[in-house]
Each structure stands twice: as C-alpha cells, then as structure tokens.
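Dear colleague,

I am handing over the structure below, and after it I set out what was found. Please read the notes with the structure open beside them.

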Amino acid sequence: MNVSRLLAATAAAALATSTLAGCAVIDMIFEDGPPKDPEERHFEVYADAPTTGQLAFAMPSFVPKDATDIDVRLMPSAEPGYLLRYTSSKGFKDARCEPIAEAPPAAIDSTWWPDEEFAEAWECNEKRMIRPVYVSAAGDTVYAWTSDLEAADMTPDATPEAESEPAPKTTDGTPGAE
C-alpha cells in the first residue's frame with residue numbers, strides 16, 4: 001500500500017516537472033512569454049458592446065450611443081495597441097479632447113484601418129487607458145487609436161517656487177498654518 005502511494009507521488013512529481021520544464025523552454029524561446037494575437041470584435045450597435053465581463057471591448061466615453069458598425073481591435077501584449085472605428089450621424093464631438101496639429105501613427109493595424117493619414121485629429125485622455133487615445137473623423141466614420149510613440153509633452157506649466165513648496169504642518173502633523 002505504501003509502495004502504490006509512493007509510485008503515485010513519483011508520477012505526479014514527474015508530470016509537474018515536465019510541465020514546468022515545458023514552460024521554461026517556452027519562456028526561453030520568447031523572452032516575454034508567447035506572443036498574444038490581436039483580438040478583434042464587431043458590434044452592430046453601441047448596445048451590443050460589453051458593459052461587464054471583458055471590458056477591454058467596452059466603448060470609450062466619447063463614443064455616442066447612436067454609434068453603429070463598430071469595430072474594435074486590441075493587441076493585449078507588453079506593447080498594447082488599440083483601434084476603434086464606428087459610424088455616427090453625430091460624427092465626433094467631445095469637449096474633453098484637445099485638437100492636435102499632427103496625429104501619431106497607430107500602434108497596430110487592421111484590414112479595415114485606413115492607409116491615409118488623418119488631416120484633423122484630437123487627443124483624448126480616456127481614464128481606463130494607459131496611453132492617450134487619438135481620434136479623427138472622415139464624414140460619419142470616426143477612428144480612434146493608440147500610438148506606440150510617446151505622447152506629446154503634457155507636463156503642466158512650471159509653478160512658482162513658493163507654490164511648489166509643501167504646506168506647513170501643525171504640531172499634530174496635519175497641513176495648515178502653525
């Protein structure tokens with residue numbers, strides 16, 4: 001009876017070792033693990049996009065609820081990329097986005113992504129995304145993307161030295177005048 005338990009434990013250990021060795025080989029071939037393929041989804045209307053579950057495909061805040069023919073492509077890797085295309089009779093209007101002089105290229109590509117450069121574009125800081133999202137419109141079709149280039153210098157203007165000093169603290173350690 002002890003021999004059968006010993007054999008079962010040995011077999012389990014051998015299986016675990018070979019599985020871990022296989023992972024180590026994969027990690028040696030691909031420095032960051034195996035590459036992840038881009039994922040792409042199509043939604044006929046805005047309401048079809050997820051609001052729970054896989055929220056990577058949820059609509060950004062600037063997409064109007066009348067959006068149709070929505071395509072989203074994601075590259076979920078160490079160098080993420082995001083593409084979005086939709087149609088809306090409202091076009092693109094979002095006061096939270098700033099117009100920019102020149103739009104950077106998209107980090108990834110798709111068969112439905114246009115080849116030409118965009119003449120007019122905006123930079124939007126979407127809270128759920130690490131990088132800025134760039135948006136351009138061609139008639140009723142709106143395109144949004146992230147770039148693998150660094151975002152434009154978005155540091156605030158330097159504040160006067162007196163304003164940048166920490167506020168004095170009271171004797172109990174809370175901010176305020178002493």
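Predicted model: local features only at pLDDT ≥ 70, side-chain atom pairs only at ≥ 80, totals over all residues.

**Surface and overall make-up**

Residues are numbered from 1 along each chain as its sequence is written, and side-chain values use heavy atoms, with hydrogens and water left out.

Of the 178 residues of the protein, 29% count as buried, where buried means under 20% relative accessible area, exposed means over 50%, and partly exposed lies in between (1.4 Å probe, protein chains only). Two helices and seven strands make up the secondary structure, and along the sequence they follow the pattern α-β-β-β-β-β-β-β-α; helices (H or I, at least four residues) and strands (E, at least two) are DSSP runs, numbered from the N terminus. Among contacts between residues at least 6 apart in sequence, 54% join residues at least 24 apart, a contact being heavy atoms within 4.5 Å.

**Strand pairing**

Two strands are said to pair if DSSP finds at least two bridges between them. Strand β1 (residues 39-45) pairs with β2 in the antiparallel sense over six bridges, with Arg 41 standing opposite Val 72 in β2. Strand β2 is also joined to β3 by six bridges, and these two run antiparallel; here Thr 68 has Thr 87 in β3 as its bridge partner. Strand β3 is in turn joined by five bridges to strand β7 (residues 141-145), again antiparallel, and Tyr 86 has Val 142 in β7 as its bridge partner. Six of the seven residues of β3 are buried, so β3 is largely enclosed by the rest of the structure.

Asp 69 counts as partly exposed, at 34% relative accessibility.

The largest pocket holds about 330 Å³ of space. Of the 15 residues that line this pocket, the closest to its centre are Leu 74, Pro 80, Gly 81, Tyr 82 and Met 129, and the elements that give two or more residues to the lining are β2 (68-75) and β3 (81-87). By class, this lining divides into nine nonpolar, three polar and three charged residues; Ala, Val, Leu, Ile, Met, Phe, Trp, Tyr, Cys and Pro count as nonpolar, Asp, Glu, Lys and Arg as charged, and the others, Gly among them, as polar. On a 1 Å grid over the protein atoms alone, a pocket is an open set of points with protein on both sides within 12 Å along at least five of seven lines, and lining residues have an atom within 4 Å of a point.

The second largest pocket has a volume of about 260 Å³, a volume being the space filled by probe spheres (1.4 Å) set on the points. Of its 16 lining residues, the closest to the centre are Pro 104, Pro 105, Glu 116, Glu 117 and Phe 118. Glu 117 is found in the loop between β4 (98-100) and β5 (121-124) and is exposed, with a relative accessible area of 75%.

With best wishes
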